[in-house]
Amino acid sequence: MAKTIVVAGKGGVGKTAVAALLIDFLSKKGLVLAIDADPSTNLNLALGLPLGETVGKAREDITEAIQKGTLSPTVSKQEVLDMKIRQALVESDKIDLLAMGRPEGPGCYCAANHMLRLAIDKLAKNYDYTVIDSEAGMEHISRQTTRDVDVLIIVSDVTMRGIMAAARMKELIKELRTKVGRIVLVVNRSKNGLPPEIQDAIQKHGLELIAVIPEDPYIGEFDMKGRPLIGLPEESPLRQGIEDIVAKLAL
């Protein structure tokens, strides 16, 4: 059965790096649909894939057509959006990438967001895994443009701000219609384990800590040279950490 995993967290915690290595690992098990829901669109660089068209403009065009009534009554709005999303898909051997692009402008996007969710649901049925690199505020989840998820991986660094952001994201999920099977916490870029204060905060907020990943000495060089992070060596702490996470989640 296809699984959907969302990777979330505040900015600067290595969320996209975690998502990219997770996508790379899962691509050895089956076909992966990678969705870059962050407007900064960096996931393609981490995966070593080109950046195609985003679906942001398509959503705006559909919304404008709905509001102005310029689409012919004989044309299915959903089919038009489905077609535009397929055109925006960047395909490779085991990983296909869809970039959501910039957020919408002013006005109500409820109808277009609903169609966008249907389109993504339809597309995702062709894959064994869908991995979504969410933006810091999880906007696509809060606006119901993301399908229900099996696992939400919240990434934090070793700071109280990161843990508090993770706790708020967990609470946000409870207020939404989106169904999440399991919510786990990954603490990234640890230098010397977790300080007692961080451990206490994790326990206080009822967060399920699934992994503590040491700071990866290879990532700086890869970023400096613009090399895809999926090329990190086997001894990379991040790569080893992701492998451990996949095993613990039985993905």
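Predicted model: local features only at pLDDT ≥ 70, side-chain atom pairs only at ≥ 80, totals over all residues.
## Strand β5, covered on both sides

Strand β5 is mostly covered, with 5 of its 5 residues buried.

What does β5 pair with? One partner is β1, which runs parallel to β5 and is joined to it by 5 bridges. Here Thr4 stands opposite Thr130 in β5. Another partner is β2, also parallel to β5 and joined to it by 5 bridges. In that pairing, Asp36 stands opposite Asp133 in β5.

## Two nonpolar cores

The largest nonpolar core holds 40 residues, and those that touch the most other members are Ile5, Leu22, Leu26, Leu47, Ile153, Leu238 and Leu251. Helix α1, residues 15-26, gives the most to this core, with 8 residues. Apart from it lies another core of 36 residues, including Met100, Ile132, Val149 and Ile173.

Setting aside residues up to four places away in sequence, Leu251 touches Lys3, Ile5, Leu22, Leu26, Lys29, Tyr129, Val151 and Val246. Two of the names in that list, Leu22 and Leu26, fall within the span of α1.

## Lys15 and its two aspartates

Side chains of opposite charge can pair when their charged atoms come close. A search of the whole structure finds 9 salt bridges. One of them joins Asp38 to Lys15, with the closest N and O atoms 3.6 Å apart. This pair links distant parts of the chain: Asp38 lies in the loop between β2 (32-36) and α2 (43-47), Lys15 lies in helix α1, and 23 residues separate them. Both Asp38 and Lys15 are buried.

Lys15 also meets Asp133 in a salt bridge, at 2.9 Å from N to O. Asp133 belongs to strand β5 (residues 129-133) and Lys15 to helix α1, so this bridge spans 118 residues of sequence. Asp133 has a relative accessible area of 1% and is buried, while Lys15, also buried, has 6%. Through shared partners, the salt bridges join Lys15, Asp38 and Asp133 into one network.

Where do Asp157 and Lys10 lie? Asp157 is in the loop between β6 (149-156) and α7 (160-174) and Lys10 is in the loop between β1 (3-9) and α1, so their pairing ties together parts that are 147 residues apart in sequence. The contact itself is a salt bridge between the two side chains, 3.6 Å from N to O. Asp157 is buried, and Lys10 is buried as well.

Leu97 lies in strand β4, residues 95-99. With 2% relative accessibility, Leu97 counts as buried. Its contacts, leaving aside neighbours within four places in sequence, are Ala34, Asp36, Leu43, Asn44, Leu47, Leu49, Pro50, Ala88, Leu89 and Val90. One of these, Leu47, is 50 residues away from Leu97 along the chain, and their C-alpha atoms are separated by 9.2 Å.

Thr41 is found in the loop between β2 and α2. Is Thr41 buried or exposed? Its relative accessibility is 16%, which is under the 20% limit, so Thr41 counts as buried. Beyond neighbours within four places in sequence, Thr41 is in contact with Asp36, Leu51, Ala99 and Gly101.

## Helix α4

Helix α4 (residues 77-88) has 12 residues, which at 1.5 Å a residue should span 16 Å; the end C-alpha atoms are 17 Å apart, in agreement with that expectation. At the N-terminal end, Ser76 caps the helix, with a side-chain oxygen 3.1 Å from the backbone nitrogen of Glu79.

An α-helix has 3.6 residues a turn, so residues three or four places apart point the same way. The buried residues of α4 are Gln78, Val80, Leu81, Asp82, Ile85 and Ala88.

Definitions and conventions: Residues numbered from 1 in each chain as written. Heavy atoms only, no water. Core = buried A, V, L, I, M, F, W, Y, C linked by side-chain atoms within 4.5 Å. Buried < 20%, exposed > 50% of the residue type's maximum accessible area, 1.4 Å probe, protein only. Helix = DSSP H or I, 4+ residues; strand = E, 2+ residues; numbered from the N terminus. Contact = heavy atoms within 4.5 Å. Salt bridge = Lys/Arg side-chain N within 4 Å of Asp/Glu carboxyl O. Pairing = 2+ DSSP bridges. Expected span 1.5 Å × (residues − 1). Polar contact = N/O pair within 3.5 Å; in protein donor to acceptor, adjacent residues only side chain to side chain.
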